[in-house]
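Notebook open, viewer running. I want to look up some rings, a sheet and a couple of single residues today.

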Amino acid sequence: MAGRVGSVQGWQMTAPVISRTIGMAQDPSLFGNVFLGSVFTGLGQFRDNIWRSIQKMPSLKCVSFQTEHVNRSALNPFLEDIPSAIATSDFFIILIGPRYGESIRDTGWATGVPPATLDKSFGEYEFHLMKDRLESFSDRSRRVLLVNLDDSTTPDARLADMRASAENLRVAPWNISLATFQVFPNGDRFDIVADQNDDWERLLKTFVSRAERIARAEQHQKFLSNFKINPEKHIQVAGWSGIEEPNLYGEFAGRVDCHADSFSFLTMDRSVIELPSSAAYHPRLNHDPLPFDFLFSDIELIKFHRSREYIGPINATAAKTVRDHFRDGFSEIIKPHFSHCAGEDVHAIPLLYGFNELIVHPKLALKPASDSWSYSDFDLPTLFANNAQTPVVGLWGWWASTFPIVLYAHAVAAFQKNSAAARARFKPLTNVNVQSISNFSDWINNTALNNPLGLQKCISSIVTGIIKGIRKDFSQKIFVIRTLETLRNKLCTKQLDVVFGGTSSVLATCDAGADLYKCIRPDEGIYLWINCVCECPKASGEMLGGLVKNWLSEPIQEKLSLGASDPPILTSRPYVGVPALKSAEQNFLARRSELANIHWICETFDEVQERERDPSKGRWLSLRPFPPDPAFLLEFYWNLLLVGLKKKVDLITSEV
């Protein structure tokens with residue numbers, strides 16, 4: 001969503017310059033790309049080991065090519081793919097060894113390949129492209145790991161030219177790492193001699209760790225140049241879109257006598273957890289926070305942010321305002337998650353909340369209205385296999401909202417089909433853990449703390465089950481949607497049949513087509529989202545306490561939720577949330593007959609209230625799982641899921 005400029009009562013506020021969201025898996029600028037080149041057969045164990053080592057690093061992404069597997073009747077890999085991959089890579093691991101050195105000219109390729117390319121051999125070609133790429137770096141030191149795998153049983157003299165070239169680059173400013181390991185044939189592959197294996201593991205770990213550190217620092221500098229934070233502003237706010245509306249601050253500005261252009265906002269369509277490193281809240285980076293005063297963040301991330309000292313206790317005046325509201329002022333739905341507000345340790349202030357239902361087109365709502373729904377009905381393999389008309393699936397592109405639902409749906413389906421087999425496949429997950437979505441979230445958070453390896457193996461097994469369960473058919477479509485505007489447009493034009501992570505809060509902003517969808521609330525429960533304001537340790541200015549009072553006033557709560565216009569124009573909103581303040585919440589619900597678009601939000605609210613009156617139904621509403629450690633394990637497997645799905649279906653990622 002684009003930044004806006006508005007004027008309120010003679011007071012001008014410049015809204016954010018940020019107009020795009022961040023795509024973690026698809027945006028190459030968020031990673032240090034590592035080109036992995038291999039130029040001999042039998043490389044499986046080496047390549048897989050290196051790939052895993054790189055992919056575990058949060059700031060690195062591996063781009064792997066095996067030249068011996070190139071289809072030699074096609075020119076594209078050498079004319080386009082490999083040069084393109086090297087030209088966008090920041091680090092290089094090139095493995096040379098037995099069978100290295102075959103001339104490209106000798107392959108008999110058709111005309112069209114430049115003579116300079118034909119005259120090189122496999123391996124030498126990539127090496128020279130890599131050297132050209134390194135010339136573009138101001139700091140090109142130690143970006144290359146060249147591994148000579150020497151088959152001592154049949155020494156290959158053709159390696160001499162590569163070794164000579166490499167030796168010339170071992171000095172400044174290149175300082176490439178060159179290592180030789182003895183290998184021996186083992187069937188159709190080569191193995192490193194046993195007594196050198198530890199040396200190889202140590203070398204790989206050292207190189208990858210250093211690449212990770214460099215990538216982090218370079219990301220930081222890159223984002224500093226792209227995302228401008230103005231330290232001269234009085235108030236800096238970063239987070240979810242919607243909080244930057246000028247009409248939220250007109251009366252407040254008049255009361256505190258703000259000068260023109262006092263506020264700076266950095267907003268986006270997904271959580272603060274995905275803010276770039278320039279904001280100092282990108283969790284992969286460790287450096288001093290930049291001078292934000294407030295984050296507008298998700299409740300699940302409060303503990304994460306606090307553990308890294310990205311947020312601090314709320315200003316004393318603001319904290320008193322929160323405590324005054326706690327007993328009777330906040331919605332009963334969110335109060336259980338803010339019990340800390342009754343004491344002195346106030347770190348977050350709830351402003352808006354909503355529900356993570358599933359959005360479904362009528363052609364998938366095949367059950368009679370009296371029938372209940374289970375998450376097993378939304379297991380991805382089941383969706384594609386059991387519907388006569390292949391559904392078009394939409395996945396909201398933020399893993400924290402969508403991935404737990406996808407995981408849980410498959411786990412429930414597996415346990416319903418064969419409980420004993422599911423327990424064996426998904427150990428340590430049990431029947432009890434999948435009885436409700438609350439139990440599942442608790443299990444993820446607790447297992448991450450007490451048995452992280454067990455959690456990793458289980459999540460990996462569930463992801464594998466999903467991918468294997470889907471037949472390969474590219475008429476099946478999955479959209480990964482990364483902006484609220486794109487999601488709204490696809491719903492309005494009826495392009496999606498089922499949406500994971502979309503929620504009634506987005507459906508409420510649709511000007512057309514929304515009446516054709518319904519929000520499904522499965523029997524196992526739904527997720528609750530709560531957006532909070534958190535103060536940062538380096539917050540400055542005397543207006544902070546007053547600003548919190550402004551956000552928690554009834555009129556501003558309603559404007560945060562529905563917008564400042566009267567009557568509300570919901571189609572201009574990024575999303576519609578329920579006010580956290582109880583009085584504003586009741587005013588919101590009272591408008592359901594006037595504002596037809598919010599009826600799904602109100603229906604979910606009614607069901608929550610009904611279930612809470614009957615304790616025998618158990619806990620139905622849950623926060624999304626977000627284990628602080630091991631950090632971003634779920635995101636890692638979410639990215640692997642998308643990679644696997646792309647091999648089975650037509651997976652389309654929306655613009656960022």
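Below are my entries, grouped by topic.

**Ground rules.** I'm working with a predicted model, where local features need pLDDT of at least 70 and side-chain atom pairs count only at pLDDT 80 or more, while totals for chains, interfaces and linings use all residues. Residues are numbered from 1 along each chain as its sequence is written, and side-chain values use heavy atoms, with hydrogens and water left out.

**Aromatic pairs.** A reminder to myself: a pair of aromatic rings is described by the distance of the centres and the angle of the planes. Rings of Phe, Tyr and Trp (its six-membered ring) pair if their centres lie within 6.5 Å; planes under 30 degrees apart are stacked, over 60 edge-to-face, and the rest tilted. How many aromatic pairs does the structure hold? I got 14.

I looked up Tyr375 and Tyr408, an edge-to-face pair with 5.1 Å from centre to centre and 70 degrees between the planes. Tyr375 sits in the loop between β13 (358–360) and α10 (380–386), and Tyr408 in helix α11 (residues 399–417), so this pair ties together parts 33 residues apart in sequence. (Helices, H or I with at least four residues, and strands, E with at least two, are DSSP runs numbered from the N terminus.) Are these two buried or exposed? Tyr375 is buried at 0% relative accessibility, and Tyr408 is buried with 0% too. Buried means under 20% relative accessible area, exposed over 50%, and partly exposed in between (1.4 Å probe, protein chains only).

Next came Phe440 and Trp443: their ring centres are 6.0 Å apart and the planes are at 20 degrees, so I noted them as stacked. They are three residues apart in helix α13 (residues 437–450), about one helical turn. Both Phe440 and Trp443 are buried.

I also found a cluster in which ring pairs link Trp240, Trp398, Trp529 and Tyr575.

**Charges over rings.** For this I need NZ of Lys or CZ of Arg within 6 Å of the ring centre and within 35 degrees of the ring normal. The charged end of Arg143 sits over the ring of Phe137, 4.2 Å from its centre. Lys490 has its charged end over the ring of Phe479, 4.1 Å from the centre.

**Ser89.** I found Ser89 in the loop between α2 (76–87) and β5 (91–96), and it is buried at 0%. A polar atom of its side chain lies 2.7 Å from the backbone oxygen of Ala85. Setting aside neighbours within four places in sequence, Ser89 is in contact (heavy atoms within 4.5 Å) with Asn33, Val34, Phe35, Arg133 and Phe137.

**The sheet.** Six strands make an open sheet with mixed pairing, in the order β17-β13-β16-β14-β15-β21. Two strands pair if DSSP finds at least two bridges between them. Which strands are at the edges? They are β17 (518–520) and β21 (650–653), each pairing on one side only. I also checked β13 and β16 (residues 498–500), which run antiparallel and are joined by two bridges. Ile359 has Val499 in β16 as its bridge partner.

**Tyr637.** Tyr637 is in helix α21 (residues 633–646) and counts as buried at 7%. From C-alpha to C-alpha, Tyr637 and Trp399 are 9.4 Å apart, although 238 residues apart in sequence. Not counting residues up to four places away in sequence, Tyr637 touches Phe403, Gln456, Ile459, Ser460 and Val463.

Definitions and conventions:
A polar contact is a pair of N or O atoms within 3.5 Å; within protein, one must be able to donate a hydrogen and the other to accept it, and residues adjacent in sequence count only if both atoms are side-chain atoms.
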